[in-house]
There are 2 protein chains.
Amino acid sequence: MVSQKRRSEICAAAVELFDERGYYGTGMEDIAKVVGIRASSIYNHYNSKQQVLGDVSVQITEQLLREHAACLVGVSDPREKVRASMRNHVRFHATHAPQVRVSNREVKALQDPYAGIVRQLRRDYVQRWVQIIEEGCRQGLFTIADSKIATYYMVDMGTGVSVWFRPGGAYELDDLCELYANAALRLLRAVPPN
Amino acid sequence: MVSQKRRSEICAAAVELFDERGYYGTGMEDIAKVVGIRASSIYNHYNSKQQVLGDVSVQITEQLLREHAACLVGVSDPREKVRASMRNHVRFHATHAPQVRVSNREVKALQDPYAGIVRQLRRDYVQRWVQIIEEGCRQGLFTIADSKIATYYMVDMGTGVSVWFRPGGAYELDDLCELYANAALRLLRAVPPN
DNA sequence: CCTACCGATCGGTAGG
DNA sequence: CCTACCGATCGGTAGG
């Protein structure tokens, strides 16, 4: 049987284990044990361990871009685009922390074709930020030296949330999203009203 | 022979390989091959692969704190402390990129006593940032909602440099340090003169 | 989905 | 610093 349910069970187990022990530190036996089957049975759903990692990485990266595009619908002010992008970035990295940690940490373990796909998606994502920032600069709303560096400021800062954020901890996610959105506009020296 | 030279050769080879393929993806054979000896000979210098990773991680983390302390000598204005800290953080993460990537990526693979030591050093480092920021707030120089979050902004942003920075690339390291130092003061809403 | 099994490689040890 | 070797585990396959 090659049910979609089993496939996603394997995927979920793999994410947890890759996150905990890394791609090379996780055996097919480990994944199978969590799912409740034998290691050899995984090969009815995936051709290789590499394909499991590829599936996880491509899926989560595509989802990030999809949700980013969705959060910008109907927004025209570049300052609001930055706010929405930052909120989305932080929320995504907090709520899909294991997946983004794995896809960031194991990007070097990823081989083609997955590696090429994921790298291209990441370039697209950075490029979207760059274009929003440059649009704001042209409108005289932002003042920055380099739009690429400004993008790294914000993306790297928000990605860090996936490492230290704990649901139910000291910080409420909604509050965090607002703090980061405001911080982004400060980084860009955005003219008020923010 | 347990020469210090051999030990650091093993260390250097291990950093490159751990960075490239991860801790679990790297065998003692791989490290030995780079050094030009047999895998079993590494055990004349280290008791285990874990000890090699521990050595790398503790050393680089101690060095970060040492250089951070040194960059603050004679500085009293909190704004200048933030500038110096940010410049040091970025420069360190750019010039020791493989080491910090390994020590960040493999922190979960680290066992006690190394894990405990490294985690404590990291807490110390964060605490130093927090105290500088709170000092600036008390003096009315900074305006922020949460000093811990503000620390994460800056530390995470600067740590990102270790991932994308390439020496001899589009950005000069000195310029980058200044850009990040200025960005840090914007994040803190520092009062001029900056 | 299973059992049975492949050759390769793993970290580490014994002994010199 | 080496050779020789340990038991365990690796990703993956054959065959049902």
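Sugar or phosphate accounts for 61% of the atoms of DNA strand C within 4 Å of the protein, and bases supply the rest. The model is predicted.

**Surface around DNA strand C**

- There are 16 residues around DNA strand C.
- Those that come nearest are A:R6, A:R38, A:S41, A:N44 and B:K49.

**Polar contacts to DNA strand C**

- B:K49 places a polar side-chain atom 2.6 Å from a phosphate oxygen of DNA strand C.
- A:S40 contacts a base. A polar side-chain atom of A:S40 is 2.9 Å from a base oxygen of DNA strand C.
- These distances count as polar contacts because the pairs are N or O atoms within 3.5 Å.

**Cis peptide bonds**

- In chain A, the peptide bond from A:D112 to A:P113 is cis, and omega is near 5°.
- A:P113 sits in the loop between α5 (97-105) and α6 (114-138) of chain A.
- In chain B, B:D112 and B:P113 are joined by a cis peptide bond, with omega about 5°.
- B:P113 is placed in the loop between α5 (97-105) and α6 (114-138) of chain B.

- A:R189 is a residue other than glycine with a positive phi, near 50°. A:R189 belongs to the segment after α9 (173-187) of chain A.
- The relative accessible area of A:R189 is 39%, so A:R189 is partly exposed.
- B:R189 also has a positive phi near 50°, again in a residue other than glycine. B:R189 is found in the segment after α9 (173-187) of chain B.
- B:R189 has a relative accessible area of 38%, so B:R189 is partly exposed.
- Partly exposed is the class between buried, under 20%, and exposed, over 50%.

Note on methods:
Residues numbered from 1 in each chain as written. Chains lettered and ligands numbered in written order. Predicted model: local features only at pLDDT ≥ 70, side-chain atom pairs only at ≥ 80, totals over all residues. Heavy atoms only, no water. Near = heavy atom within 4 Å. Polar contact = N/O pair within 3.5 Å; in protein donor to acceptor, adjacent residues only side chain to side chain. Helix = DSSP H or I, 4+ residues; strand = E, 2+ residues; numbered from the N terminus. Buried < 20%, exposed > 50% of the residue type's maximum accessible area, 1.4 Å probe, protein only.
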